[in-house]
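Please consider the structure shown below.

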Amino acid sequence: MTVRRSEIMKQVCSHLYGLVVVDNQARIIFVEENYAKMKGWKMEEIIGRYIKDVVPTSRLPAVLETGKPILGDIFYSEGKPLICNRVPLIKDGAIIGAMSFSVFEGVDKLLYSLEELRSQLSYYKEKLKKHSGIKYSLENIIGSSDAVVAMRSTILRAACVNSTVLIQGETGTGKELVAHALHQESRRSHYPFIKLNCAAIPHELIESELFGYDEGAFTGARRVGKKGKFELAEKGTLFLDEVSQLSLAAQAKLLRALQEKEIERVGGTGPIAVNIRIIAATNDDLEDQIKQGTFRSDLYYRLNVIPIKLVPLRERKTDILLLVEKFIDKYGDQAGLGKVTIAPEAMEIFMEYEWPGNIRELEHAVERAINLCNSNVLEPSHFGWLLPKIQKQGKLTAGRGIQEAKASIEREIILDALLSTQGNKKKAAELLGIARPLLYQKIRRLGIN
């Protein structure tokens, strides 16, 4: 059976909506009949006219200019979803025209599939976030003080570049939280976030932890070798917490890795190029350590490209109420108490105390009070253990320098932790939220027996 060309074209057009064809000068040479009627066009009036004179928003001229199709624009006509495509018409390598058309059939299914894909993408983003080690984001940085507003601004600016960042602040001020937020806001957010607490790793093992090792590098090494933190963080971020605790030998190798952007495994035979961003953090004064000869000045300058200094809680007390409300909601739900509030007299205690342990100590105080509470209101009696500390802090700071007073308060906090754990240093370190080797160092420095 012979089928006429016009019948074939009619069948083709029945599956398309709004078929418009132009020549290489963007003049209309064909319009699908039903589409023209729907638009109120008379064929004799539009054929031969420049497409922009008839459809000012047409993108066909752009297709003619670039020679590239424009596909997948979704819009609705009479409540029905359409996908509009514009493609060039090419013969012997030359553009002879272009056409636009839309498709009805299957669009509903396609849109449903797109929604499914979006849903799955969100799910896998969350999975990736957990797998990559990310726990916190910029939203977790609570506070409205000038210091916190400035810190958020610095994080956003630092997230736009790949320079190393040095976060400095007292224990409990949220250095790790800032590192997480910085990675989350950066272009590396879809890649790993690897962290290493430099104080928790023995000096003799730190090199293999950072750079990995090859087969047979030392007794007890895996037969197939092992990737170090640098390789695991490829394309992502490596967070070095307590960087001040690195040995001078490890500092030298870290400096070389930062300068050359390559590492060498322990027992390895050649360099390995790495593409990572370094974020370092410490609660020590590195400039003092440089003077004492325990930290390399060249490494300090290499790390301190973008400095972020965290303000202690005692210097931004206007944020305490917001933080307390957050912790009350968190631990109140866990304790099954429902909506919990704090009495104004209890807040006065919070505002008077200096919080040497900063946000971490504040959070532990709220958690402890809620565990002692059998009502929905936190009263001053639930924070009775803070009153002697407030009185003591007044005596300690009178006539003393800030560093001496801080050391005395830190000593009291560690003694309290050791007392509550019956001398168990591992549990005391967990209670204080610091690594056990760091606790040992503080005990030696503060002369605690």
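Helix α14 passes helix α15 in a right-handed crossing (the near helix is turned clockwise from the far one by less than a right angle). This is a predicted model, in which local features need pLDDT of at least 70, side-chain atom pairs count only at pLDDT 80 or more, and totals for chains, interfaces and linings use all residues. Residues are numbered from 1 along each chain as its sequence is written, and side-chain values use heavy atoms, with hydrogens and water left out.

The axes of α14 (residues 320–335) and α15 (residues 344–352) come within 11 Å and cross at roughly 120 degrees. Axes are lines fitted to C-alpha atoms, for helices over the stretch in contact, and angles run from 0 to 180 degrees between N-to-C directions. Helices (H or I, at least four residues) and strands (E, at least two) are DSSP runs, numbered from the N terminus. Ile-320, Leu-321 and Val-324 of α14 meet Met-347, Phe-350 and Met-351 of α15, where contact means heavy atoms within 4.5 Å.

Elsewhere, five strands form an open sheet with parallel pairing, in the order β7-β8-β11-β6-β12; two strands pair if DSSP finds at least two bridges between them. Because β7 (193–197) and β12 (306–309) stand at the edges with a single partner strand each, one side of each is left without a neighbour in the sheet. From one strand to the next, the twist averages 15 degrees. Five bridges join β7 and β8 (residues 237–241) in the parallel sense, and Phe-193 stands opposite Thr-237 in β8. Helix α7 (residues 146–159) packs on the sheet and touches β6 (165–168), β11 (277–282) and β12.
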